[in-house]
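I opened this notebook to record what I looked up, one entry at a time. The entries follow the order in which I took up each topic.

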Amino acid sequence: MDYKNVPELFGSLVFDDRVMKARLSDEVYASLKKTIDENVRLENSVADAVAEEMKNWAIEHGATHFTHWFQPLTGITAEKHDSFITPSDDGGVLMEFSGKELIKGEPDASSFPSGGLRATFEARGYTAWDPTSYAFIKDHTLCIPTAFCSYSGEALDKKTPLLRSMQAINRQAKRILKLFGNDDVKYIRTCVGPEQEYFLIDKELFDKRPDLKYTGRTLFGAMPPKGQEMDDHYFGVIKPRVAEFMEDLNEELWKLGILAKTEHNEVAPAQHELAPIYSTTNVATDSNQLTMEIMKKVARRHGMVCLLHEKPFAGVNGSGKHNNWSVSTDTGVNLLSPGKTPYENAQFLLFLVAVIQAVDDYQDLLRLSVATAGNDHRLGANEAPPAIISVFLGDELTAILNAIKNDTPYKGAEEVKLKLGVHALPRFFRDTTDRNRTSPFAFTGNKFEFRSLGSSNSIACANIMLNSAVAESLRQYADELEQAEDFETALHELIKRVITEHERILFDGNGYGEEWIKEATEVRGLSNLKTTADAMPHLLDKKNVEMLVKHKVFTETEAHSRCEIMLENYVKTVNIEGLTMVDMVRKNYLPAIERYLYRLSQTTVLMRQASPNVKCKYEVSTLERLSELTDYIMDAVIDLEGALSTFKEFTDVFESSAFVRDEMLPKMETLRKYVDEAEMLTSQKDWPFPSYGQLLFSVY
């Protein structure tokens, strides 16, 4: 790629503001911008004009089809392609695309997860154009970002409630800003920059692992002699094959207007990270879904497979997706920027405590928003925050809040100039606070970083809950302050009260320590929802449903359906993993071990025939232990098969998820333990699948 042309390349396949401004009339452009920026209803005549220019632009760029691109509750994207062609009277075709086709599509709603909202025979559903997210061209198809709803109007996707949550926080934040005299603010937006972690492995080796193909993670595998303990992969020199992939990936993402910025090796072997510049939450969500899709596509071009599972390999770091979240006005003010004197910045402090209260009041919603079968393996491990949700503020902000709470003067932190002991190196000022990698929810200067998301998660779910919870805090504050006789006094007392009531959620220490888990649950009363089965039912807690309904993010029916869908996804995922384990053990592992045992026993007999005094310690000890292990493996397989059979009998998703957590997963772990030990005793020649060492160290 010619990097001199990056500005020209960037967004070249996006019907963005530059294109719209150039191709639409001033009147149409102004009307569309008002819809995008201020949520004003779109006129049909404007839709027709936009559709015509969008079609012409797409055809000029080689597109022959269009699709309503949406995000159903499968966790991935969906699309149905229609061509632009329309028959003409002379037997030829015309290329047409109307405003009606732009605004509305009609996919089959019964074939996507609905949590009981749609019966199988009730097929009709609708997609509706989201003008706040730009259309783009992918694989010669014009992709139109859309919301997806049922025939009766319930949201069946992730975009609709996300947009609703953005409206909710916009509505409440404007009330707060008005109290501070900011009458010129037309709207506020939450912005996100999701850091995406992933693994790259050789495709030939991937194709030889049924567990990777069926489940996205290795269900068996003994650790190689070397893992990540040398810390030599993190930020290390990028291997040529990976560098070529990253260069190709950047080009594809930049064409689609995705702000890919930072790339580097992550901690585990074969693990990497891509970070974008943050953008409006809705756009960032669409961009991240595209990023995951394109990562997989580009990896295959380079003879590799991109793994987005949260824990594809046991024993090394899993992959997360850090959600950097902030709130900004249309006038360019970051409401989470402390400025030079945060103690005196009352507006900042009010938004800060609003987030603190939101995280404390709705810690269960934040936890369940990142709950999946895959992420359950990652949370609480050494590379991920614990399942307990807490907030890290750093030394300076903690000191400021303590000063407010105790009505004592605050002495500002002194700037510390770091001297590195080498004259040629520049001196620079140290940040006023360190970073805490163990915190699930950390303030990082002018934004919060929610670190609990799994790498395969849509960021929509976490941001829906975060936007909604903060909107509720702001609503409470606005209701109180709008009635205050003395605004400044009421504001001070409000901030002081919130700090006092919600300081239990603030923690700046080591989130991995056992002492923190004990303190958090036994002393502070924080929730510790370790698994999806523990977390997801809390979506239906009365306080949660009432808050989400109040802010019109979900209806009560939609909340119930989503809880059911997420739990169904959890149990189905683990069921597939269990079935895959049984299949691999019966068809491959046990026969392979038996073949090796037979050859080893034959060798032992021949050696003793040749020399009766030979003790054959290696052969005998290996035969004995492998024979034991085959019995253990067989018993464990039968045990797991019994659990899988029992699982089929459940009709209630809450009961089946508890069974999966309490019965199936422990049985799967037991089976794995025996097979992994057998791998260490069996010759590599006889082992049926590529090892961890081959998978993790095969890409150069």
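I set aside the neighbours of Ser527 within four places in sequence and found Ser527 in contact with Gln363 and Ile388. The model I am reading is a predicted one. I then placed Ser527 in the loop between α17 (514–523) and α18 (532–535). Is Ser527 buried, partly exposed or exposed? I noted a relative accessibility of 24%, so Ser527 counts as partly exposed, given that buried means under 20% and exposed over 50%. I also looked up a pair that includes Ser527: Ser527 and Glu263 are 264 residues apart in sequence, and their C-alpha atoms are 35 Å apart in space.

Entry two, positive phi values. I looked for the backbone angle of Asp139 and read a phi near 55 degrees, which is positive in a residue other than glycine. Asp139 sits in the loop between β8 (135–138) and β9 (141–150). With a relative accessible area of 51%, Asp139 is exposed. I next turned to Lys552, which is not a glycine and yet has a positive phi of about 60 degrees. I found Lys552 in the loop between α19 (542–550) and α20 (556–610). Its relative accessible area is 63%, and I therefore put Lys552 down as exposed.

Which way do the residues of β14 (residues 304–307) point? I saw Met304 and Cys306 point one way from the strand, while Val305 and Leu307 point the other way. All four of these residues are buried. I then checked the pairing and found that β14 and strand β10 (residues 188–202) run in the antiparallel sense over 4 bridges. For Phe199, the bridge partner in β14 is Leu307, one of the buried residues noted above.

Key: Residues numbered from 1 in each chain as written. Predicted model: local features only at pLDDT ≥ 70, side-chain atom pairs only at ≥ 80, totals over all residues. Heavy atoms only, no water. Buried < 20%, exposed > 50% of the residue type's maximum accessible area, 1.4 Å probe, protein only. Pairing = 2+ DSSP bridges. Contact = heavy atoms within 4.5 Å.
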